[in-house]
Amino acid sequence: MAAALAFAYVTVAAWATPEIKVSFSGRWRGSNRVAWVFGLGLIALLAVLADATRSPDRSAARSLARELQLTDLALFNEARYARHLTQADRHAAFQDHPMALEHFPAGALTVPMSADARLD
Amino acid sequence: MRAWIERQRCLIDFSVANLGRRKARNLGLLGAYILLVFLLASVVLYGDALRREARLLLADAPDIVVQRLSAGRHDLIAADRLDALRALRGVRRADGRLWGYHYDPTLAANTTLQVPLVNPPGPGETVLGATLARARGLNPGDTLALRGDDGAIRAFRITGLLSSASELVSADLMLVNEADYRAFFGIPAGFYTDLALTVGNPAEAGKIAEKILTRQPGSRVILKDEMRRTYDAVFNWRQGLLLTFLGTVLAAFALLAWDKASGLSAEERREIGILKAIGWETGDVMRMKFWEGALLSTCAFLAGYVLAYLHVFHGGGALFEPILKGWSVLYPKFTLTPQIDLMQLASLFFLSVLPYTAATLAPVWRAATLDPDEVMRE
Amino acid sequence: MIELSSVDKTYNAGKANEYRAGRGVDLRIKPGRVTALRGPSGSGKTTLLGLIGGLTRPSSGRVRLDGRDISALPERFLTELRRATFGFVFQQFQLIRGLSVLENVMLPAAPTGEPHRQVVERAMDLLGQLDLADRADTPCQRLSGGEAQRVAIARALINDPPILIADEPTAHLDSALSLQILAILGELRAQGRTLIVSSHDPLVFDAGLVEHIVDLRDGRVVAEQ
Ligand SMILES: Nc1ncnc2c1ncn2[C@@H]1O[C@H](COP(=O)(O)OP(=O)(O)O)[C@@H](O)[C@H]1O
Ligand SMILES: [Mg+2]
């Protein structure tokens with residue numbers, strides 16, 4: 001995809017900038033150089049956009065989560081109360097007081113759930 | 001139209017020539033700028049991707065989780081509540097969940113022991129999360145010995161590993177069957193860790209939760225929506241923290257550019273004077289300077305964004321891992337689902353291009369409106 | 001035809017360092033001829049050239065170009081006029097450092113929107129006429145004084161203006177180079193351009209090029225021949 005775009009671009013650009021073939025005093029015009037650099041940048045961006053449309057297979061993880069009735073990501077498991085954030089006590093990340101200093105980086109990166117997100 | 005294009009091209013020619021005159025300085029500037037956009041875009045992409053991942057993976061989480069609180073703390077819940085819950089209108093299914101933490105002194109980390117509802121392991125057998133197995137150097141067929149609640153050492157034979165594609169949700173899991181679980185933790189029959197409900201119509205989950213609270217006071221009810229919002233909030237918070245920091249850096253950068261430009265050197269002022277004297281309008285000078293700023297910042301944006309994308313979605317967000325990882329011993333290996341929000345792309349573009357361009361342009365305006373006869377003087 | 005009528009130019013008006021560099025100047029400059037402003041340093045030659053070429057406006061009085069009052073024109077039109085009508089050769093050359101000779105010569109054509117190839121051809125043509133063709137890619141800070149002056153002339157001519165204004169064109173050059181520049185000016189005169197120069201270099205006046213001499217002193221015209 002990106003390669004095809006790049007090829008098309010090079011063809012069109014070479015056709016549109018005859019100075020490349022008949023460059024005066026051996027150099028390209030600044031604007032042509034800009035067009036080339038930005039063209040390549042745009043191709044890279046398009047390639048990235050195209051790449052972003054692929055969706056890797058998540059079915060294994062999803063079905064495991066469903067089967068085990070999982071509620072949390074296993075990202076923060078350095079502390080008991082951070083492992084299951086959604087199941088932890090209210091303000092669990094802060095243990096005793098919202099302003100208390102945290103032992104673990106994960107605790108510093110999480111917030112207590114806002115009041116309206118809680119039912120109890 | 002042709003003339004307009006040719007004119008812009010000529011101005012761009014000179015912008016490029018101008019940028020080329022202070023190559024080292026401008027390349028340095030470009031490098032710093034690319035780095036900044038790269039960090040900014042990485043944070044945004046990474047945060048969003050994690051949030052999306054959480055939503056995707058936990059899409060099938062139980063609609064409602066009911067816990068018992070005892071003196072404000074999570075406690076075991078009696079199995080007989082299940083029947084009452086099943087009787088509620090709208091509840092399609094209710095299961096008791098058994099899960100808990102076991103501190104593994106070898107790893108100095110908590111693992112999560114859980115009893116699967118379907119296909120539980122046989123007696124004395126276990127299935128491990130891939131991260132945990134890797135951390136302990138265990139393979140299927142090996143035996144894992146743990147000290148249980150009663151002080152007795154119990155050996156579990158590893159019959160399999162959870163797929164490494166699911167590490168993000170299963171890193172530290174250790175699946176055992178119900179009997180082993182109860183014996184290991186000393187939990188009597190008739191009690192569960194908590195109860196998971198599936199409702200017929202997710203829109204009614206809130207109503208059902210209220211009913212549960214009135215019928216079973218002392219319960220704590222967690223809705224799926226809350227779980228989702230928890231992760232949104234968690235990643236928002238972390239992202240916000242970094243974004244605030246990077247935003248400050250960006251502002252400082254624009255300020256620097258402003259400062260640099262507002263102290264237009266005598267040389268630069270002289271050059272603007274020359275251009276005006278030989279027939280450039282104030283607007284032409286501004287346009288050329290605009291192109292200078294816009295070219296540099298757009299270049300930085302394109303390079304920074306593409307690099308950030310590669311970093312986050314193909315490099316596993318290597319730079320953020322230490323931050324997220326923290327003290328975690330059981331940190332999962334995972335790749336994020338790439339996705340680009342065009343709105344976000346646009347706002348990143350404007351955020352990175354506009355302030356800089358404006359900051360470089362504004363001071364030139366003052367110099368460019370001066371009388372051109374200054375150049376006549378020696 | 002350029003006409004100045006009772007033109008005053010006061011720098012820093014109303015301030016302590018107020019200076020009247022032009023006082024009641026009346027002057028008529030005929031097209032197709034070589035006019036020279038003569039006077040010692042500080043007599044107001046540069047100031048007057050600036051007024052004639054529309055680089056600055058008179059504090060009072062009128063400057064007319066072919067009967068059109070240019071002292072009251074808005075900046076935009078004045079710029080356009082400057083671009084199309086006048087070519088300037090400044091006393092200090094005023095080339096832009098870091099840009100090549102060719103780029104410097106092409107600068108005045110950038111805002112016209114003229115096809116690039118055409119401008120390049122004309123610029124190379126001019127450089128060829130001025131014996132600079134092989135210097136096109138040289139950064140202009142590496143030029144000698146004579147070369148820089150010729151580049152400045154080429155730049156002044158890129159838009160093919162009918163009037164060329166040159167401020168002390170021989171001031172920084174030795175006699176041989178001065179004569180070379182005067183020869184170039186003679187050729188431009190032969191092409192039918194109007195030349196307005198300032199100088200206090202006797203060489204300029206002895207060369208027999210100048211047809212109209214305006215003597216200046218303290219911002220006043222004291223004699224004309
Ligand atoms: N922008 C200015 N501000 C204040 N004084 C000026 C300015 N330009 C020229 N002058 C003064 O006006 C006088 C005439 O200057 P100028 O026209 O440059 O004379 P010349 O070119 O004959 O040497 C000088 O005394 C000079 O100091
Ligand atoms: Mg002078």
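Phe93(C) counts as buried, at 16% relative accessibility. In this predicted model, Phe93(C) lies in the loop that runs between strand 6 (86-89) and helix 3 (101-106) of chain C. Its phi is near 65 degrees, a positive value in a residue other than glycine.

Asn12(C) also has a positive phi without being glycine, in this case near 50 degrees. Is Asn12(C) buried or partly exposed? Its relative accessibility is 33%, so Asn12(C) counts as partly exposed. The cut-off for buried is under 20% relative accessible area, and the 16% of Phe93(C) puts that residue in the buried class.

A further positive phi in chain C occurs in a hairpin. Strand 9 (residues 212-217) and strand 10 (residues 220-224) of chain C run antiparallel and are joined by four bridges. Two residues lie between these strands of chain C, and Asp218(C) in this hairpin takes a positive phi near 50 degrees. Within the pair, Arg217(C) stands opposite Arg220(C), the latter belonging to strand 10 of chain C.

In chain B, a positive phi is found just after a helix. Gly186(B), which follows helix 6 of chain B, has a positive phi of about 70 degrees. At the other end of the helix, its start, a side-chain oxygen of Asn177(B) comes to within 3.2 Å of the backbone nitrogen of Ala179(B). Which residues of helix 6 of chain B are buried? Helix 6 covers residues 178-185 of chain B, and the buried ones are Asp180(B), Tyr181(B), Arg182(B), Phe184(B) and Phe185(B). The list thus includes Asp180(B) and Arg182(B), which count as charged. What do the buried residues of helix 6 of chain B pack against? Their partners are strands of chain B: strand 5 (99-104), strand 6 (109-114), strand 7 (125-128), strand 8 (143-147), strand 9 (153-161) and strand 11 (191-192).

Chain A has five helices and zero strands. Along the sequence, its pattern reads α-α-α-α-α. Chain A has 120 residues, of which 42% count as buried. Taking the contacts in chain A between residues at least 6 apart in sequence, 36% join residues at least 24 apart.

Chain A and chain B meet in an interface. Chain B contributes 88 residues to the contact and chain A contributes 59 residues. About 6500 Å² is buried between the two chains, and carbon and sulfur atoms give 63% of that area. How many salt bridges cross the interface of chain B and chain A? The rule finds five. One pair in salt-bridge contact is Arg62(A) with Asp60(B), whose closest N and O atoms are 3.4 Å apart. Between chain B and chain A there are also 22 residue pairs in polar contact, counted where both residues are at pLDDT 80 or more.

On the side of chain B that touches chain A, the largest share comes from helix 8 (residues 224-262) of chain B, with eleven residues. By residue class, this side of chain B is made up of 56 nonpolar, 17 polar and 15 charged residues.

How values were computed
Residues numbered from 1 in each chain as written. Chains lettered and ligands numbered in written order. Heavy atoms only, no water. Contact = heavy atoms within 4.5 Å. Buried area = accessible area lost by both parts, 1.4 Å probe. Salt bridge = Lys/Arg side-chain N within 4 Å of Asp/Glu carboxyl O. Polar contact = N/O pair within 3.5 Å; in protein donor to acceptor, adjacent residues only side chain to side chain. Pairing = 2+ DSSP bridges. Buried < 20%, exposed > 50% of the residue type's maximum accessible area, 1.4 Å probe, protein only.
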